[in-house]
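Good morning, everyone, and please have a look at the model on the screen before I start. I will talk about the sheet and then about the nonpolar cores.

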Amino acid sequence: MSEVLQRLEEEARKPRAAAGDAAAAAASTTTAGETAADSFAKEAADSSADSSANRTTTVGTQTEERLTEGTMMTSNNDAASGANEGSEQSTTDAAPSDSAGKPSPQVGVVVVSHSKRLADGLGLLASQMARDVLIVPAGGLNASPEDKDNPDGGGIATSYDAIEAAVNKVVDAGLACAIFTDLGSATMTVEMVVDMLDDEPVRFIDAPLVEATVAGAIAAQQGQDLDGVEREARRAISAFESESAGDDGDSAAAPDEDAAGDSTNSDDANDARYSRRVKVADKAGLHARPAAKLAELAADSEEGILVNDADADSAMSLMGLGAECGEEVTVSGERSEKALIDSIADAIAAGLDE
């Protein structure tokens, strides 16, 4: 019997076309009472069972593979969906913020002047009030080796290459670029650079160099976009125009009558506005750095806060007040912003200059 089983096992390994021969061979070796038909039927049954088992195993393996593949695809799709949602969120957010929650600059500044010293000095001045803003001076001609000791570099003029390099430095940092110039040919050269970079977020802002650069840099420090920087740069000169107009009559900046006297605040519950009257503590008065810091504080206002009649979120307007050490000023705004008004008033009273 063992020989029969061995023969059957050997025959099972042969191609299906030899099944008939295998059956005949099995029939010739069967023991008494076991016919060829019975043997063949047994072999066929065993073969069918093996085939069925193999199919079941194969289908089960394929099913597991498909389930695994489906799980991986679902996981990958979920991950991709999450990444896309994160990307969409980042594009709809307001200005990016640093770890302290303050808005990060979105705009860098390029200062163009015929004079290297003028561009460098103005860049340094603006950086004192806009410490996180990338400010790149592009003044004078490119210096050659023999000009290394010349404070004006290669001479008094403007260089297309120097301006383009300065703009590219800002753009390569992932920032929009606001450009300010001094005179004539500087403006013409800048306009050519801007035309060549028309696909980049680069803008020439035609406004008085010093005032516009400082105001624009402060606006960038507050996290404003390119439109906001341009708006503040153009608004800067109006602060001095208003001050000049006030010198001709009685319309000069003055505290409200309600704020006059010895009272340090006005807190009438029936009044929609709130004010604090404080003395300027800084020795140099509300000059550049204190004004810039006040403007940064006031940038959080939604209703608008005034220091005397100057917009508190405009450093140039605050400097235009000419408020000196010991002079009283009135900080005022909507009652809903009482906490912010108090913060600004306290800052003035404590001193802001480092």
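In what order do the four strands of the open sheet lie? The order is S2-S1-S3-S4, with parallel pairing, where strands are DSSP runs (E, at least two residues; helices are H or I, at least four) numbered from the N terminus, and two strands pair if DSSP finds at least two bridges between them. Please keep in mind that this is a predicted model, in which local features need pLDDT of at least 70, side-chain atom pairs count only at pLDDT 80 or more, and totals for chains, interfaces and linings use all residues. Residues are numbered from 1 along each chain as its sequence is written, and side-chain values use heavy atoms, without hydrogens and water.

Strand S2 (135-139) and strand S4 (202-204) stand at the edges with a single partner strand each, so one side of each has no neighbour in the sheet. Strand S1 (residues 107-113) pairs with S2 in the parallel sense over five bridges, and Val-111 stands opposite Pro-137 in S2.

Turning to the cores, a nonpolar core is a set of buried (under 20% relative accessible area, 1.4 Å probe, protein chains only) Ala, Val, Leu, Ile, Met, Phe, Trp, Tyr and Cys residues joined through side-chain atoms within 4.5 Å. The largest has 55 residues, and Phe-180 is among those with the most contacts inside it, while the largest share, eight residues, comes from helix H7 (residues 209-221). Apart from this core lies another, of 19 residues, including Val-170 and Val-202.

Terms used: Buried < 20%, exposed > 50% of the residue type's maximum accessible area, 1.4 Å probe, protein only.
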